[in-house]
Amino acid sequence: MEQEVVKLRCHRIGCNATFTEDDNPEGSCQYHDAGPIFHDGMKEWSCCKKRSHDFTLFLEIPGCKTGKHTTEKPVLAKVTASPKKPIPPPTAATTTNLSSKESCPRCKQGFFCSDHGSQAKQAPLARSNVGTQGSSAPPKKVIDINEPQTCRNRGCGKTFKEKDNHETACCYHPGPAIFHDRLRGWKCCDIHVKEFDEFMSIPPCTKGWHNADPAS
């Protein structure tokens with residue numbers, strides 16, 4: 001009788017994949033090796049400087065380091081946001097440049113931009129319309145019920161097949177995530193911690209269907 005292969009969950013930040021001791025080559029894990037920075041509503045990985053205003057998109061930023069999977073919890077370096085530098089009053093020339101949203105790289109990517117405040121208001125409005133315009137939304141693509149998919153629900157991230165999906169298959173956080181006064185937590189279950197790795201380990205509080213569509 002063949003011995004059952006035990007799959008382990010990688011604890012590196014940004015990976016969360018499953019692996020076995022016999023199948024764990026160098027370079028199979030892609031992860032972040034430094035803690036995140038949360039400042040003025042922006043989330044940034046201090047190791048690669050990649051950032052996002054949306055927490056779900058922030059967690060989906062691919063890791064910048066590669067190595068082997070591990071079950072050891074990472075020890076993240078303490079990082080803090082650098083203090084803001086005083087901003088001089090805008091001149092006529094700089095005011096003209098700041099008013100050009102088309103040339104602003106942050107506005108192009110949909111990130112929050114303190115220079116063009118209206119740009120930040122447009123992005124969440126577009127996302128909210130997706131959920132309210134149920135009948136006018138474009139139909140979802142047809143998925144093979146046997147095709148492996150990755151659940152995008154917050155706190156899940158598991159691989160599933162649609163044929164095995166059901167109303168209690170997924171354990172997740174409906175959210176939203178809250179970052180305030182150096183505390184991280186989930187509003188849905190009212191749990192708050194100080195360290196990011198502790199935040200990522202908060203057990204999900206809700207059961208439901210797996211969801212591979214992050215826009216829904």
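1. In this predicted model, Lys43 has Ser52 in strand 6 as its bridge partner. Strand 5 (residues 42-45) and strand 6 run antiparallel and are joined by 2 bridges. Two strands count as paired if DSSP finds at least two bridges between them. Strands are DSSP runs (E, at least two residues) numbered from the N terminus.

2. These strands belong to an open sheet of 3 strands, with antiparallel pairing and the order 4-5-6. Its edges are strand 4 (36-39) and strand 6 (51-52), each of which pairs on one side only.

3. A hairpin is formed by strand 11 and strand 12, with 2 residues between them. The pairing of strand 11 (residues 177-180) with strand 12 (residues 183-186) is antiparallel, over 4 bridges. His180 has Leu183 in strand 12 as its bridge partner. Asp181, in the turn, has a positive phi of about 50°.

4. Asn165 sits in the loop between strand 9 (159-160) and strand 10 (170-172). Asn165 is buried, with a relative accessible area of 9%; buried means under 20% (1.4 Å probe, protein chains only).

5. Leaving aside neighbours within four places in sequence, Asn165 is in contact (heavy atoms within 4.5 Å) with Phe160, Trp209 and His210. The side chain of Asn165 reaches the backbone nitrogen of His210 at 3.0 Å.

6. On conventions: residues are numbered from 1 along each chain as its sequence is written, and side-chain values use heavy atoms, with hydrogens and water left out. Local features need pLDDT of at least 70 and side-chain atom pairs count only at pLDDT 80 or more, while totals for chains, interfaces and linings use all residues.

Notes
Buried means under 20% relative accessible area, exposed over 50%, partly exposed in between (1.4 Å probe, protein chains only). A polar contact is a pair of N or O atoms within 3.5 Å; within protein, one must be able to donate a hydrogen and the other to accept it, and residues adjacent in sequence count only if both atoms are side-chain atoms.
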